[in-house]
Amino acid sequence: MLIAVSGALGGLALPATVLVAAAGAGRLLQHFVHTSAAASSSASKPRNGLPKRYSNLEELEADAQPLLTPQAYGYYAGGSDNEWTLVENKAALGRYRLLPRVLVDVSSVDMSTTLLGQRLASPILFAPMAQQRLCHPDGELAMARAAASTGLPYILSTMATSSIQEVAEAVAQAPAGGWPSDPTLWFQIYVLKRRDVTEVMIREVERLGYKALIVTVDAPRLGHREADEKNKYSLPPHLSMKNLELITKAAATTEGVATEGSKFGRHFSDLFDQRLTWEFLPWLKKASKLPVLLKGILSPDDARKAVELGADGIIISNHGGRQLNYSPAAVDMLPAIAEAVQGRVPLLVDGGITRGTDVIKCLALGASAVLVGRPLLWALTLGGQKGVEEAMDLLHYELELSMALLGCSSVDQITRDFVIQPPGYPLDRGDDGSQPPEQPPAATPPPAATPPLTDPAAMVVYGGRLPPARRLIVSGLTASAIALGGNLFGVTSWLLGLDGGRLAESSRLDVLVPVGGFRRCLDAQNGFTFVYPARWLADQTLYRRYAERIERQAALDPPSLARERTRRAAAPEPAAAYGPAGSTGEENISVVVAPIRDGFTLQRMGSPEEAAQRFLDTTVAPEGSGRTARLLGAGSRRDANGQLYYWQEFTVQSDAFNRHNLSVYSARNGLLYTLNAQCPQERWAADEAGFRRAAESFTILNSGVATAGFPDRL
Ligand SMILES: Cc1cc2nc3c(=O)[nH]c(=O)nc-3n(C[C@H](O)[C@H](O)[C@H](O)COP(=O)(O)O)c2cc1C
């Protein structure tokens with residue numbers, strides 16, 4: 001809070017003219033079209049409608065970005081820390097599947113719904129977002145008018161650049177849109193330390209006809225927005241947070257001390273109550289007759305408590321990935337919260353919603369409605385009020401069509417039966433009614449006696465054993481191998497499309513472009529990532545096999561049984577493999593993802609050294625194999641998520657070869673992920689640094705749809 005407000009009220013770090021001169025380019029000047037007073041003459045040609053036909057809301061951001069200052073764009077688009085949660089919001093929605101029912105009369109689909117007694121055109125609300133005049137001179141006024149004309153609630157942020165009065169007036173004057181219902185304004189409020197001042201705000205909000213109070217509870221302090229820090233983000237001097245002026249005035253009146261708005265920033269952190277605890281809720285319920293919804297709840301226990309203390313609704317949200325990084329995607333917490341709340345109050349959810357199918361997934365998982373955030377900012381930037389209306393029409397078109405294809409002619413028909421949760425979600429709780437992970441079909445007859453869990457050779461139930469290192473590359477890497485790089489299976493394209501390129505621009509650009517001599521393999525399907533030497537190539541044979549599988553799946557003919565059987569009995573193939581051009585396959589880095597027995601943990605194998613030694617003794621060089629293995633080192637590490645990894649370094653010798661290996665493995669959701677880097681001993685000196693870097697970077701992603709039997713699930 002402190003950073004945003006002091007920044008925002010402190011004015012631009014550099015005057016616009018200095019910035020323009022420093023950049024020496026018209027582009028930056030163009031950025032100020034909407035944001036600087038000096039350039040406001042350009043804004044006299046307000047954008048009126050989206051500049052072209054868009055197919056979906058995800059396309060808007062790329063076109064909006066050049067119209068914004070880097071500061072404004074960073075503020076809108078950014079999340080906190082390394083933006084894991086920001087990315088996860090969208091990825092999580094992608095993991096759920098919709099199960100359509102057929103032969104239902106969908107000749108007329110009704111998207112309308114009732115929320116807190118208010119009739120809405122659809123179960124979609126405009127999320128509260130601060131400082132909308134950075135997008136467009138009309139800012140919140142345009143956005144609120146667009147909400148009114150599309151029949152949806154507009155939630156005004158406390159941190160808005162328009163006041164509650166201005167927005168209420170703008171909506172009252174708005175010509176009636178296609179939607180007959182009254183415009184619906186809600187207000188997002190922060191509880192101030194000065195409860196008397198908070199009450200003044202509430203009275204004003206009630207007087208102006210706002211219909212609900214949203215209390216944001218996930219922001220006792222502002223998340224660490226690295227983009228804002230780098231950009232030295234602050235609100236341009238011609239803009240201000242108008243509601244703070246009202247608060248200041250109210251504080252001055254009740255105190256009898258005049259406080260100028262511009263000086264307010266210095267005192268701001270004193271005003272928002274960082275010591276706020278649950279006791280505020282009964283107080284607020286008494287202080288206002290408006291329904292009170294808490295925004296920013298992720299824990300089912302908090303949701304239960306909120307209901308017990310009188311909340312009229314809950315907005316499940318991680319603030320668009322802007323507050324606590326590594327908090328889960330809101331949609332993933334929806335089923336557990338729905339279970340905890342048992343329909344006593346409406347649940348709303350937000351984060352990453354851009355598609356009609358996203359809305360449907362949330363409704364099916366237990367939400368009464370969703371909030372849409374950033375896409376509306378991009379629409380406002382591109383086309384003002386009309387742009388937002390057009391964007392909302394697009395979302396409504398998608399929602400209506402998807403409801404018809406799903407076999408639902410009204411919103412209340414969208415139930416849990418229409419959605420398939422990904423295995424292991426939400427969050428491996430297992431006690432929340434989620435479905436157990438799918439088990440792969442038995443590959444071979446089960447062994448007569450179940451070997452002890454501590455035998456690493458027996459860990460892999462399906463697909464054989466923990467793959468001996470020498471078998472990881474099923475076929476040699478050839479000199480003519482295609483440099484598929486990180487775009488294996490279209491992962492890169494998928495990533496880049498996901499967020500309009502921001503993701504690639506920030507931390508994972510190395511999927512596309514080598515960084516420091518390394519390129520990134522990011523397997524979103526299986527959920528792992530690592531870096532490998534940039535000049536190495538992907539295994540072409542592997543790629544061809546995947547392509548064949550896709551083709552087979554698309555073919556109308558059923559696969560021959562014999563072929564199926566052979567395939568299932570085969571050892572697991574690497575999900576990714578890289579090596580130098582022209583290599584025989586002996587020098588490579590590869591990853592295998594294979595199912596393991598339920599309940600397996602690394603710790604149950606003992607210490608990393610014990611596990612490694614047993615692995616060598618039983619699998620790599622068992623007695624009588626003609627091979628000798630030597631353990632050079634073993635250890636463990638945890639990634640930022642707390643996921644445990646074991647690593648081991650060893651050599652294997654036989655008459656035919658002398659190899660050096662470095663491998664890392666970790667288990668999650670019934671799968672064992674193993675990265676193995678190996679080379680002929682004489683290549684070790686050349687490869688060592690690269691191998692160590694690859695091993696250190698190997699990470700299992702929470703965002704992956706880790707499904708057993710990977711090759712079948714492309
Ligand atoms: C630029 C920006 C400003 C925001 N300001 C606020 C705010 O003032 N109050 C609040 O409760 N949430 C705020 N949020 C969070 C949104 O209400 C919402 O939870 C989030 O944007 C939803 O994610 P989405 O942008 O992926 O749709 C803001 C979000 C953005 C992007």
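Let me start with the ligand, which is surrounded by 24 residues, the closest being Ala127, Ser157, Thr216, Gly320 and Gly373; a residue is near a molecule if its C-beta atom, placed from the backbone, lies within 6 Å of it. Please keep in mind that this is a predicted model, in which local features need pLDDT of at least 70 and side-chain atom pairs count only at pLDDT 80 or more, while totals for chains, interfaces and linings use all residues. Residues are numbered from 1 along each chain as its sequence is written.

The shell around the ligand has 10 nonpolar, 10 polar and four charged residues, where Ala, Val, Leu, Ile, Met, Phe, Trp, Tyr, Cys and Pro count as nonpolar, Asp, Glu, Lys and Arg as charged, and the others, Gly among them, as polar. Helix H5 (70–77) and strand S11 (369–372) each give at least two residues to that shell; helices (H or I, at least four residues) and strands (E, at least two) are DSSP runs, numbered from the N terminus.

Now to helix H17, residues 374–406, against which helix H16, residues 356–364, packs at an angle of about 60° with the axes 7 Å apart. Axes are lines fitted to C-alpha atoms, for helices over the stretch in contact, and angles run from 0 to 180 degrees between N-to-C directions. H16 and H17 are therefore oblique to each other, since angles under 35 degrees count as roughly parallel, over 145 as roughly antiparallel, 65 to 115 as roughly perpendicular and the rest as oblique.

Helix H7, residues 139–149, has an axis that comes within 8 Å of that of H17 and crosses at roughly 25°, which makes H7 roughly parallel to H17. On the H7 side, the contact is made by Ala142, Met143, Arg145, Ala146 and Ser149, while the residues from H17 include Leu380, Gly384 and Val388; two residues are in contact if their C-beta atoms, placed from the backbone, lie within 7 Å. By class, this contact of H7 with H17 has seven nonpolar, three polar and two charged residues.

Leaving aside residues up to four places away in sequence, asparagine 48 touches Gly383, Gly384 and Lys386. Asparagine 48 and lysine 386 are 338 residues apart in sequence, yet 5.7 Å apart in space, C-alpha to C-alpha.
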